[in-house]
Amino acid sequence: MKFLILLTALCTASTTFAAFDIKPGLWEVKMQMTLDGKAFDPMAEMNKALEQLPPEQRKKMEAMLAGSDKIPVTKNGYRICYTADMLKNPNKVMEGTKTCTTKITTQTAKKLAGTFDCPKDDAKGDFEWNAKSSNEYEGLMNGKTSKGGNTQVRYQGKFISADCGKVKPVL
């Protein structure tokens, strides 16, 4: 699940903001997933697993998840820091991972679309992002593995602050 959150965060970071009229800074991103036609809520699953842990172990796990300096996980999604450079150069983000590439096919002030390919992680697909305002966006990513698995992820991003605080950019 951690790989999936990282992949979606990187896709978001690499594709969301090239020409969008949105702000750099700290964002909270919520996601809804469908795996092979079945709804899957990774945050709900993570919260359910945390509830099963003894209190002391649960506190440690929650602190570890929240304490990530790149993509801290919250109960509702994850937080990510977008820099002005990341927003100007969306392909640099995925290329910086050295495992994924993106190709932008549509780029306007309110819409960004394209494809991604992550051969090392056996995932490829397409994405589309729509800016609702400078403080909010929606996204859709459709992915497929060579084994035939289909994934659809819907995103809702909300601007939190121009200051990313302790959250470091993914690059």
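A39 is exposed, with a relative accessible area of 75%; exposed denotes over 50%, buried under 20% and partly exposed the range in between (1.4 Å probe, protein chains only). The model is predicted, and local features were considered at pLDDT of at least 70, side-chain atom pairs at pLDDT 80 or more, and totals for chains, interfaces and linings over all residues. Residues are numbered from 1 along each chain as its sequence is written, and side-chain values use heavy atoms, without hydrogens and water.

A39 belongs to strand β2 (residues 38-40); helices (H or I, at least four residues) and strands (E, at least two) are DSSP runs, numbered from the N terminus. Apart from neighbours within four places in sequence, A39 contacts M33 and T34, a contact being heavy atoms within 4.5 Å. Its C-alpha atom is 9.8 Å from that of T151, 112 residues away along the chain. D36, in the loop between β1 (25-35) and β2, has a positive phi near 50 degrees. Most residues other than glycine have a negative phi. D36 is also exposed, at 55% relative accessibility.

Two disulfides were found in the whole structure, a disulfide being a pair of cysteine sulfur atoms within 2.5 Å. C81 is bonded to C164, with an S to S distance of 2.0 Å. This pair links distant parts of the chain, 83 residues apart: C81 lies in strand β3 (residues 78-82) and C164 in the segment after β8 (150-161). Both C81 and C164 are buried. The other disulfide joins C100 to C118 at 2.1 Å and is right-handed, with 115 degrees about the S-S bond.
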